[in-house]
Amino acid sequence: MALVQIENVSKIYQTGDVEVAALSDINLSIEKSSFVSFVGPSGSGKTTMLNMIGCLDMPTTGKILVDGKQVDTLNRQKKAAFRGDVIGFIFQSFNLFPVLTAYENIEYPLVMIKNKPARQRKEIILNVLDSVGMLSQKDKFPDQLSGGQKQRVAVARALVTQPKLVMADEPTANLDKESSINVIRLMRDMKDKFGTTFIFSTHDPRIMEEAEITHTLVDGKLA
Amino acid sequence: MIRIFKIALRNLLRYKRRTILTSILITLGIVLVILFSGLAGSFKTMMIGQITDSNLSQMQIHKKGYISSMDTMPLNLTLDTKRYKKIEEILSGNTDVLSFAPRIKLNAMLSNFTDTTNIRLNAISPEQEILVCPDVGSRMTFAKDREQGILLNPGEVIIPEKLAKGMKLKIGDPIVLVANNKDGSVNGLNFTLAGIIESVLGPQGKEGYMHIKDARELLRMDKPEVIEVAIRLHDFDKLNKVYEVISSELAGIINKKGKQEFEIHTWDKLSPFSNIAIMIDFMTITMKLIMIAIVLISILNVMMMSVYERVREIGTMSAIGTSPNRIMSLFLAEGLLLGLLSTITGNIIGLGGIFILNIYKISFAFGRQDNLLLSPTVDVTELLWVSGIVLLISVFATLQPAYKASRMEPVDALGHV
């Protein structure tokens, strides 16, 4: 069974009296352990698509199943718990907590979401820090790290709970060329290492080349 | 839980200036309440002490109806030996009662052989009176060569200072007291002016003193009668409790007409200072309300700003799976911690202030007594109450911003600019 199943999904935003269709009648399935990109120009619906799959937003019509569960029917509390269990997130602006060190940022989901005991946490965090090459920077706060380093920490935070799916909305948009390629390759290495499914959006052609499967969105429709 | 407080502390330190300013404001409120409560409480305690220990006593028992007609000092509402014995039994049987003393209150005419004026007199048994009102002597001026410790001998009278001035009387001068007894017959006796007493608050503070034996002779009482029984307790804080006990015992004593025989009053029902005491309490409560408002507004403001500035962060928390309750608890911990840090600082500074005020004591004069020193103290219960209320208000003020944070839709919060 596919990890993500999207059936007849549309999303319409109401702006005053005007209705804007961000996504129109999308049907799609994404298999486990795949490395999928959504590409398309600005306003094509990439972010909306990722928000739907990541259970951050609800479709206007249609059905979304993630890991066999219909997520569009879950309430706020259950959706949060589901995201914590199944999905990891990497953001364009890194979104690390500024008051926590790299180590603590990665530890956050284990403490605040998974309630893992301290003894188990340390080993998991050091492993994942090592995997993303940030072990030596673990005690630094986000403002002491470069953009590429921040995104590596963000990748580690997304992976530390061993989610089945990682969503990354334009993860390289705030990075230079070299860092962008490094981060995408890191994500692919992590996919190979942990068997995690990665779904990311981009409009950078060099990054698109790294994806195994590429879906192109134009005006809210799959091209 | 520790992790939540650790994150909360770091978030507070993230906006150092704002946190420090808010904390200073709350701290000042707490310090103000502690100092004001300490000073006002000390002033109140001292004044009540002055009134009860030098004049009124802590409680008084009379024949029913006396207090309502006390301005005329009626002599027909006396307690005879039998009734006094009943009161004596009740008071002797109560372990909270330290001492009690009989008194006769009377109006008389005072003459210096040239002029005559009226005087209110408090006839006392000096040995018992000193046990009930241990500071009564502190209001009196005697002859320099008078033996120490003797309040009043038979044949002596102590009169209010204004009266002495008006009648041009000096200590040692002979005087005559003339009084009507309850049957209307007039009697006069010679006395020596032994001392002068200053006034204290209230009508009872303008009375002269004479020996109870002399009063009985002047009023031609065949048998010893008493008008007032003054009472002192071991522990003033038990006043209301002991009052209830004695009051219920006295209520059981009924006269031949089936009506209650005695009445009992605590000092506050007998002195106008009780209104000042109520005002002091009211002002203390007002100070506490001001402090509550300071805490409420400052923390609410700071937490609302905190939530507004961290919308994207809240979106991230929510997106990665933090439950709404946990997001709420993160912000509640922040508000609570801000209140807690301010409370600890406020208590330390407040207690330091009380300590300093006790070293450099504030002195004031009250009547003849100069150099009365205020020694402010703060009750532990009071301190706990103030601290508890600040913490409670801190959490209460954070509720709305914390709830708002917990209800944010991650997709909207992440898109916030």
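## Salt bridges between the chains

A salt bridge is a side-chain nitrogen of Lys or Arg within 4 Å of a carboxyl oxygen of Asp or Glu. By this rule, four salt bridges cross the interface of chain B and chain A in this predicted model. One of them joins Arg3(B) to Glu107(A), with the closest N and O atoms 2.4 Å apart.

## Basis of the values

The model is predicted, so that local features need pLDDT of at least 70 and side-chain atom pairs count only at pLDDT 80 or more, while totals for chains, interfaces and linings use all residues. Residues are numbered from 1 along each chain as its sequence is written, chains are lettered from A in the order in which they are written, and side-chain values use heavy atoms, with hydrogens and water left out.

## Extent of the interface

In chain B, 28 residues are in contact (heavy atoms within 4.5 Å) with 27 residues of chain A. The two chains bury about 2400 Å² between them, 57% of it on carbon and sulfur atoms; buried area is the accessible area (1.4 Å probe) that two parts lose on being put together, summed over both. Within chain B, Arg3(B), Arg10(B) and Ile320(B) lose the most area to chain A, together 26% of what that side buries.

## Cysteines

The structure holds zero disulfides over all chains, a disulfide being a pair of cysteine sulfur atoms within 2.5 Å. Cys55(A) counts as buried because its relative accessibility is 2%, where buried means under 20% relative accessible area (1.4 Å probe, protein chains only). Cys133(B), at 0% relative accessibility, also counts as buried.

Methods:
Buried means under 20% relative accessible area, exposed over 50%, partly exposed in between (1.4 Å probe, protein chains only).
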